Amino acid sequence: MSTPLADPASAQFATNPPRELPKRRGTELVLLAFATFIVTIALVLVEANQEQELTSSIIWLGLSYLGVLTAAHLAVRRWAPYADPVILPCVALLNGLGLVMIHRIDLALAERAVQQGKEYTPDVTKQVLFTAISLVLFVVVLILISDHRTLTRYGYICGLVGIVALALPAVLPSSLSEVNGAKVWIKLPFFSIQPGEFAKILLMIFFASFLVTKRDLFMVAGKKIAGVELPRARDLGPILIAAAACLGVLVFEKDLGTSLLFFGVTLVMLYVATERIIWVVLGVGFFAAGAIIAYNLFTHVQQRVRNWIDPLATYDDAGGGYQVAQGLFGLGTGGVGGTGLGAGRPDMVPEAKTDFITTAIGEELGFIGLAAMLMLYLILAMRGMRSALAVRDTFGKLLGGGLSFALVMQIFVVVGGVTNLIPNTGITAPFLSRGGSSLLANYILVALLLRISDAARKPAVRPKPQQPQAPLAEAHTVMVQRPSANGEGSAS
């Protein structure tokens, strides 16, 4: 008869050994090649419809893009071998299509500049440079953060730095922080940066680590009012701080998008941690009350709401509904199938390369193309959520869920604004829109998601077997020597 294992964990591994998931790095490489092929074909269509010369340089551009992505793939293969194989290809396709659309709008704006006798500097060159820098930062994050759980040590530091980064543009002079009416930038002589893009990641790390340590406090119910168990008053601190921070951004920085994004992510993380819907109800109530107060106090909020209700009524007003109306005209022109890449007029929409790049896609690729793009975001977020559910630690679950929901919330705010579902917010589409800060921050976000998915899919380490010990009743008597007074030992 075999001796039973003394350690229950060892017995579990003996009867039900963990199944090692395939790494799927080859699948990731094939999907990256397919994404590069789609981007190259899209670039060919743009050049052909714009009557540009088709040369072999387009093929070399496609191969260069594949080479950069292959370097990122090799980094994932080396430092996160069990990471989800679908996340990076989705990001690569979105980023590539964004580069194609920025190049397409550059061609239209350059033609207009020639007609007006002006010079035009294309933006796609800078965006390609930012893509390369973002991929380098992506690799650096994978190398430095070998275990996402180490971030819990710096939770409060991340929270402090995030709040400072979020509030810094509000206290700077308008000449150093304001662009298109929103004070969300830090403009330096050689470059500009949008600190709020990085603040959202730092604040998510803080809230995840905070909720892990204080989760039990949020599970305790307070008084029952109208049949609803409300939280205790002393536990409302974090949600009040989040509401105050969001309203501060809304009031002083005039940035509706960042305010809505930050507060939405905070509420979702709180709900995931506690599974109590009352936190979401209270949060939405606080935010709605603050938004009503802001609407009655500040003219820029009133203007956004008027543009949302009827953009044609404020079409010719300064800061009116011209941009929203032009975007809706572009989407209507595209219809179901679109005008074709390079065959539309996306340059007729102001800021088509940043806030309204989804209208350019909807015009030239139609409803089908825009829906396919939204499906890419959905797949990306779902794979992130799946990794968050599978990871073994609570911090990873909260952080992964928050990062994934941030992508969904951000694209909802963008598309909802340009389609007039919600007031226009001025926020950019992740990986699509022109902008270095957004691209850098979102590649950091993806690196963290891959790190969490690697931990989720990695096989559990088998515990070391322990030597079985005999029961105390069956232990043998051991003779020891007791030293005597003259130095000679005697048995006892």
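**Close-up 1. Val-76 and its contacts in the predicted model.** In this predicted model, Val-76 touches Arg-25, Glu-28, Pro-81, Ala-83, Leu-88, Phe-138, Leu-142 and Leu-450, when residues up to four places away in sequence are not counted. Val-76 also belongs to the largest nonpolar core, which holds 103 residues, and it is one of the members that touch the most others, together with Phe-138, Leu-399, Leu-403, Phe-431, Leu-448 and Leu-450.

Close-up 2. Trp-79, Val-136, Val-140, Ile-143 and Leu-144 make a nonpolar surface patch of about 460 Å². Helix 5, which covers residues 124-144, gives the most to this patch, with 4 residues. Leu-144 lies in helix 5, and because its relative accessibility is 68%, above the 50% cut-off, Leu-144 counts as exposed.

Close-up 3. Glu-275, which follows helix 10, has a positive phi near 60 degrees.

**Close-up 4. Helix 13 and the helices it packs against.** The buried residues of helix 13 include Gln-323, Val-324, Gly-330 and Leu-331, and the buried residues of this helix pack against helix 14 (357-390) and helix 15 (394-418). The 13 residues of helix 13 (residues 322-334) should span 18 Å at 1.5 Å a residue, which agrees with the 19 Å between its end C-alpha atoms. Just after helix 13, Gly-335 takes a positive phi of about 65 degrees.

Technical notes. Residues numbered from 1 in each chain as written. Predicted model: local features only at pLDDT ≥ 70, side-chain atom pairs only at ≥ 80, totals over all residues. Heavy atoms only, no water. Patch = residues over 30% accessible without salt bridge, like charges linked within 9 Å, V, L, I, M, F, W, Y side chains within 5 Å. Areas by Shrake-Rupley, 256 points an atom, 1.4 Å probe, with all protein chains shown as cover. Salt bridge = Lys/Arg side-chain N within 4 Å of Asp/Glu carboxyl O. Helix = DSSP H or I, 4+ residues; strand = E, 2+ residues; numbered from the N terminus. Buried < 20%, exposed > 50% of the residue type's maximum accessible area, 1.4 Å probe, protein only. Core = buried A, V, L, I, M, F, W, Y, C linked by side-chain atoms within 4.5 Å. Contact = heavy atoms within 4.5 Å. Expected span 1.5 Å × (residues − 1).
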